[in-house]
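Please look at the structure first, then read the points by topic.

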Amino acid sequence: PAGPGRPPPLRSSRARGPSNELSFTLKKSPPRPLIAVGLDDGVLPRDLLHCFFANKLEADIERSCVLGATEEEQKAFVAVACGRLDARLRPVPPAEQRAADIVVLDQNIDLVDRPHLYGTDIADELRANGFLGVICILSAASPGEMTSIRANPGVDVVFSKGGSFSVLNSELRCALAIRQYIAMREKSPETMGRAAATHSGDGEAVILGDDR
């Protein structure tokens, strides 16, 4: 049973039938608060992301941040997302480093004194640095351009600017659940099957896998 300091058990149920599926439910609130890091060159979008991280994602407000206001923040973004720098751009001791769970990037970023940069370029840089968390791109692009962004293998979620924060919250949690499932499967491949996920109405991310 769960106790003080102990995370709630992973609930499972075996579905009977031809698919013989094994269902795992990851609770909405993980054992430790999420760390979310965003990058946007606009003041209002940054403020909105701050509100989204705090109120919808219920992220750790001390370790989460939205950068992009200064050249220093823009240059430090990847290091912050990977946990090497904290939200105030201070070095983090190796033993205390923890990468962000979720990164949210504006697709079109006008960097200070630097060439225009795309969120997909930063996503590629994050993956090259070993980042394993969820990467989300926010864009006001046309449907065709959105399809092109989704084709980037390093991007988990592509979302239209101005869309519902509740929907974005669900999509991010679903993507995070998939990544958590894959991480568990890699640790115990003999007991975990192929990953699929959905988001239930009660705020839980539900993962289904075929029982091997």
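Leu 39 stands opposite Leu 105 in strand E5. This is a predicted model: local features need pLDDT of at least 70, side-chain atom pairs count only at pLDDT 80 or more, and totals for chains, interfaces and linings use all residues. Residues are numbered from 1 along each chain as its sequence is written, and side-chain values use heavy atoms, with hydrogens and water left out.

**Overall**
- The chain comes to five helices and 11 strands. Helices (H or I, at least four residues) and strands (E, at least two) are DSSP runs, numbered from the N terminus.
- Of the 212 residues in the chain, 41% are buried. Buried means under 20% relative accessible area, exposed means over 50%, and partly exposed lies in between (1.4 Å probe, protein chains only).
- Take the contacts (heavy atoms within 4.5 Å) between residues at least 6 apart in sequence: 54% of them join residues at least 24 apart.

- Strand E5 spans residues 102-106, and five of its five residues are buried.
- In a regular strand, side chains alternate between the two faces of the sheet.
- Both faces of E5 are covered. Ile 102, Val 104 and Asp 106 are buried on one side, Val 103 and Leu 105 on the other.
- E5 pairs with strand E3 (residues 36-39) in the parallel sense over four bridges. Two strands pair if DSSP finds at least two bridges between them.
- E5 also pairs with strand E8 (residues 134-139), in the parallel sense and over five bridges.
- Cys 136 in E8 is the bridge partner of Val 104.

**Salt bridges**
- The structure holds seven salt bridges. Each is a side-chain nitrogen of Lys or Arg within 4 Å of a carboxyl oxygen of Asp or Glu.
- Glu 71 bridges to Lys 75, with the closest N and O atoms 2.9 Å apart. Both lie in helix H2 (residues 71-81); being four residues apart, they are separated by about one helical turn.
- Glu 71 is partly exposed at 24% relative accessibility, whereas Lys 75 is exposed at 53%.
- Arg 90 and Asp 86 meet in a salt bridge of 2.8 Å, N to O. Arg 90 is partly exposed, with a relative accessible area of 44%.
- Asp 156 bridges to Arg 127, with the closest N and O atoms 2.9 Å apart. This pair links distant parts of the chain, 29 residues apart: Asp 156 is in the loop between helix H4 (143-150) and strand E9 (157-160), Arg 127 in helix H3 (residues 119-128).
- Asp 156 is partly exposed at 31%. Arg 127 is partly exposed at 22%.
- A network of salt bridges links Asp 40, Asp 106 and Lys 161.

**Aromatic pairs**
- The structure holds two aromatic pairs. Rings of Phe, Tyr and Trp (its six-membered ring) pair if their centres lie within 6.5 Å; planes under 30 degrees apart count as stacked, over 60 as edge-to-face and the rest as tilted.
- Phe 52 and Phe 53 have ring centres 6.1 Å apart and planes at 50°, so the pair is tilted. Both residues are buried.
- Phe 52 and Phe 165 have ring centres 4.8 Å apart and planes at 50°, so this pair is tilted. The pair links helix H1 (residues 43-55) to helix H5 (residues 165-187), 113 residues apart.
- Phe 52 has a relative accessible area of 1%, while Phe 165 is partly exposed at 29%.
- Ring pairs link Phe 52, Phe 53 and Phe 165 into a cluster.
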